[in-house]
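Hi everyone, thanks for coming. Take a moment to look at the chain on the screen, and then we'll walk through it together.

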Amino acid sequence: MTDIKSMTADELRQWVTDNGFPAFRAAQISDWLRKGVTDFEEMRNLPVQLRTFLKSFCYISVATIEKKQVSRYDKTVKYLFSFHDGECVESVLMSYHHGMSICISTQVGCKMGCTFCATGKSGFSRNLTASEMLAQIEAAQRDAGVRIANVVLMGMGEPLDNFDNVTRFLRLVSSPQSLGIGMRHITLSTCGIVPKIYELAGQRFPINLAVSLHAPNDVIRSRTMPIAKAYPMEQLLQACRDYFQTTGRRVTFEYSLISGVNDSDACARELGQRLRGMSCHVNLIPVNTVEGTGYRKSNVQRQQSFADILAANGITATVRRTLGSDIDASCGQLRRKHLSKGGQSLGSIQQK
């Protein structure tokens with residue numbers, strides 16, 4: 001079956017004509033898909049023959065809401081979405097002064113194994129298609145009755161480990177024929193797959209790149225992030241410098257503050273020295289409480305001290321506002337609970 005929503009406008013036009021239908025039908029199909037239609041029978045201006053053909057040979061990706069949690073503190077919404085094969089992912093809808101933002105998933109599970117992250121503890125099932133990433137945004141917009149202005153690829157999975165589908169998604173989501181969300185309103189977060197950072201730079205997308213650093217040196221980083229053993233920090237930082245030189249886009253470094261692990265003044269001074277002179281921003285994140293890790297977030301005083309030391313080294317840093325703390329808004333936790341209660345996906349059943 002053809003994943004029709006993952007096609008670009010040119011690909012859809014070519015596919016339509018290759019199958020014997022007039023080229024203008026492709027624009028009609030695109031219009032319906034942009035409106036969020038999930039059934040070919042709803043495409044009323046298409047002839048019966050074409051609708052029948054589409055039903056026989058194509059499918060429209062849909063993200064179905066399996067569970068929804070709404071924070072009573074800040075109205076952050078966490079979704080557990082399922083797809084056609086029963087696999088589930090999480091997305092988080094957040095309200096900021098600059099508009100509604102959604103954090104979406106790019107994989108079912110994750111291979112990276114970061115010790116502070118809930119997603120990797122459930123294992124990896126498969127990559128998401130471009131259309132399944134779009135479907136998360138569409139489903140949240142329909143449910144909340146809002147226009148989403150900003151997208152963050154920081155949910156379940158490592159975006160650069162699903163490079164082809166993610167770059168296709170970036171082209172689609174920013175297209176006027178799709179959701180029309182400008183790339184400058186999109187942030188891609190990676191744990192630091194160095195060759196893929198260079199490949200992404202070559203695409204010259206005007207997106208925001210966020211790199212999960214979480215440590216000032218390789219010794220501490222390798223304890224929490226296995227990727228550090230493959231790509232040492234200096235190699236990763238050089239890739240980030242080169243990314244800025246190629247794209248002109250400042251890199252953000254994500255740094256989860258873990259009490260007693262990476263939040264000391266000495267860690268802050270070492271990080272400041274390493275990043276000095278780079279065009280970057282550090283986003284300090286009080287670590288999320290994830291069952292089984294034993295990690296605790298740094299207290300407010302420690303967070304501020306860390307930020308102040310970075311500032312003294314010429315590095316701009318902010319402490320990220322915590323949203324959805326009462327609904328486990330960090331991705332991976334809701335899916336783990338769903339699976340532990342017997343909500344196995346069809347995909348995980350088939351793999352056994």
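Let me start with a question: does Arg204 count as buried or exposed? Arg204 counts as exposed, because its relative accessibility is 57%. For us, buried means under 20% relative accessible area, exposed means over 50%, and partly exposed is in between, using a 1.4 Å probe and protein chains only.

A word on where this comes from. This is a predicted model, so local features need pLDDT of at least 70 and side-chain atom pairs count only at pLDDT 80 or more, while totals for chains, interfaces and linings use all residues. Residues are numbered from 1 along each chain as its sequence is written, and side-chain values use heavy atoms, with hydrogens and water left out.

Now the overall picture. The protein has 13 helices and 14 strands. Helices (H or I, at least four residues) and strands (E, at least two) are DSSP runs, numbered from the N terminus. Of the 352 residues, 54% are buried. Contact means heavy atoms within 4.5 Å. Among contacts between residues at least 6 apart in sequence, 67% join residues at least 24 apart.

Back to Arg204, which sits in the loop between α6 and β11. Its phi is positive, near 55°, and Arg204 is not a glycine. His214 also has a positive phi without being a glycine, at about 65°. You'll find His214 in the loop between β11 and α7 (218–224). Here the accessibility is 5%, so His214 counts as buried.

Next, helix α6 itself, residues 194–203. Which of its residues are buried? They are Val194, Ile197, Leu200 and Ala201. These residues lie on the same side of α6, because they cover an arc of only 110° around the axis. The arc is that of the directions from the helix axis to the C-beta atoms. If you are new to helices, here is a handy rule: an α-helix has 3.6 residues a turn, so residues three or four places apart point the same way. The cover over the buried residues of α6 includes α5, β10 (186–190), β11 (208–212) and α9 (233–247).

Helix α5 has its own buried set: Phe163, Val166, Thr167, Phe169, Leu170, Leu172 and Val173. Those residues pack against β6, α4, β9 (148–153), β10 and α6.

Let's step over to strand β6, residues 99–104, where we find Ser101. Ser101 counts as buried because its relative accessibility is 4%. Its side chain makes a polar contact of 3.4 Å with the side chain of Asn150. A polar contact is a pair of N or O atoms within 3.5 Å; within protein, one must be able to donate a hydrogen and the other to accept it, and residues adjacent in sequence count only if both atoms are side-chain atoms. Setting aside neighbours within four places in sequence, Ser101 touches Val92, Leu93, Met94, Tyr96 and Asn150.

At 9% relative accessibility, Glu138 counts as buried. Which side chain does Glu138 meet in a polar contact of 2.7 Å? The partner is Lys5. Beyond four places in sequence, the contacts of Glu138 are Lys5, Leu33 and Leu179. Look at Val62 as well: 76 residues separate Glu138 and Val62 along the chain, and their C-alpha atoms are 8.7 Å apart.

On a 1 Å grid over the protein atoms alone, a cavity is a set of points where a 1.4 Å probe fits but cannot get out, and a pocket is an open set with protein on both sides within 12 Å along at least five of seven lines; lining residues have an atom within 4 Å of a point. Grid points are joined across faces, edges and corners, and a volume is the space filled by probe spheres set on the points.

How many cavities of 30 Å³ or more are there? There is one. The largest cavity holds about 30 Å³, and its lining includes Lys5, Val62 and Glu138.

Finally, the second largest pocket holds about 230 Å³. It has 17 lining residues, and the closest to its centre are Lys5, Met7, Leu172, Gln177 and Ser178. Helix α2 gives the largest share of that lining, three residues.
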